Amino acid sequence: MSRHVVCSADELPPGTRRTAFVDGREVALFNVDGRLHALLNRCPHGGARICNGVITGIAQSSGPGDYRLERDGEFLRCPWHGWEFELSTGQSWCDPGTTRLRNYDVKREAGETLVKGPYIAERYPVVVENDYIIIEL
Amino acid sequence: MKLPYAGAIDCDLHLPAPTIAQLLPHLDDFWRDQIINRAIDRMPFAMMSYPPNAPISQRADWRAAPAATALETVQTQALDAFGLSFAIANIIHGAVALHNDDMAAALCRAVNDWLRVEWLEREPRLRGSILIHPQDVSQAVAEVERLASDGRFVQVLMLAMGERPLGRREFFPIYAAAERHGLVIAVHAGSTYRYAPTIVGWPCYQFEDYVAQAQAFENQTVSLIAEGVFQRFPRLKFVFLESGVSWLPVTMWRTDKTWRGARPETPWVDRWPSEIIREHLRLTTQPFDAPDAAAVAATIARIGSDDMLLFSTDYPHWQFEADDVLPEGLSPATLRKTLIDNALATYPRLAQEAIGGAAAIEETIR
Ligand code: FES
């Protein structure tokens, strides 16, 4: 397992998304109201770049004619065919057992701790004053 | 193939539709007067989907050799010939195509009473279907309620092509009544011709009309799933009669595939449509629409269950020759389920009776 600095925290403020190349993989990064998500940027269905998907909730119902959008901001809808994935686990809503988006541990850390630790900062020269987004592969 | 043993339950047997003259005693004074004085009694009320002289409507050897009475004909040619323990009688009557809701309801009542008096009371192996005119939902519900206390009626009968898709909520009161009384909803091939029977427009030939029936069943399957009928009525079963079978796996696959992306549109569909279909839908075996044993086995494998098949003769429709009433390629276990067990699991009213009768059914199996 290796930990990588993918960008500075300023580059992924709440409500934004971006991609980063890590170890030859393209990773989609999302900041939803301060919650960070990092997922392989390739839908398991047809390979769409899921960084272009819609962040939304999950439509629920107690029966015909009843509609509720719940857990807003916790799901990603693939831009190509609309499959829904839970951001925190990468699981497909329709088929949680066998279909999932590869997801990675992601966190924000202070530059101060980073300069000491065994991190691979591929692109980002780390300065002590800043915070950074770290993912684990 | 032939039936390997006696005791099968035939889930789609047709009795000759009553003439209007036969229905007159079962109509009240008002409707009898209307029917006679408007010369409606001269109309055949035969369904366009089954023109009486078309080869499909009656097998030639059966047509050529009637017994002394209609009852004896059905007994000799079907009930005895196939060694049936029960046969569910479906009467496809033109009343359901009328635009006058009240006349349609009156004629449906008469057909049902005629079935009860002329057939169910005379032949203990017969079971009945409650014919309704579903376009007038409240009268349809009233008819189901009127006959529900007679345990010999085991299902409610509708056509594959009416005015609106069968999943629509307007029909829910009919489904609620059926579920409440342990009745099944049966959907038989046929159209009231409110619309063209093909989605691309009016065809010219009966040949086209008959092929199009299977597509109507596909549409109804998707409607029932999308509208959440089985989420609302979890104990309800639908039986498709004369629908064909081999189209089903394709529809299941496509419905599952589309659901994955379109799911939020109908959030009450809370599991794979194919699972819901396997649990709630049943299809009769005549016709099966597959050429040989391998194709039949492949169809069942792709459906992923042999719980869905119900044996039928579709008597007297011309679906098979001699006594080759079964599709080829059913394993002995699937056969046993198709002939008896699936019907008992589908029809609560048959199962109730067969608790005493199960032993009897069992004994006839050699
Ligand atoms: S590529 Fe993502 S749903 Fe098809």
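How many helices and how many strands are there in chain B? This is a predicted model, and in it chain B holds 14 helices and 8 strands. With a radius of gyration of 20 Å, close to the 21 Å that the globule rule gives for 366 residues, chain B is as compact as a globular protein of that length.

**Overall form of chain B**

**Burial and surface of chain B**
- Chain B has 366 residues, and 58% of these count as buried, a word that here stands for under 20% relative accessible area.
- The accessible surface of chain B comes to about 14,700 Å², and carbon and sulfur atoms make up 56% of that surface.
- Among the side chains of chain B, 33 are positive and 45 are negative, while the centres of these two sets lie 5 Å apart.

- The size of an interface is often given as the accessible area lost when the parts come together.
- Between chain A and chain B the buried area is about 1,300 Å², with 58% of it coming from carbon and sulfur atoms.
- On the chain A side, Pro64(A), Trp83(A) and Cys94(A) lose the most area to chain B, and together they give 45% of what that side buries.
- Counted by residues, the contact takes 19 from chain A and 14 from chain B.

Conventions. Residues numbered from 1 in each chain as written. Chains lettered and ligands numbered in written order. Predicted model: local features only at pLDDT ≥ 70, side-chain atom pairs only at ≥ 80, totals over all residues. Heavy atoms only, no water. Helix = DSSP H or I, 4+ residues; strand = E, 2+ residues; numbered from the N terminus. Rg over C-alpha atoms; globule rule 2.2 N^0.38 Å. Buried < 20%, exposed > 50% of the residue type's maximum accessible area, 1.4 Å probe, protein only. Areas by Shrake-Rupley, 256 points an atom, 1.4 Å probe, with all protein chains shown as cover. Lys, Arg positive; Asp, Glu negative; His and termini not counted. Charge placed at Lys NZ, Arg CZ, Asp CG, Glu CD. Contact = heavy atoms within 4.5 Å. Buried area = accessible area lost by both parts, 1.4 Å probe.
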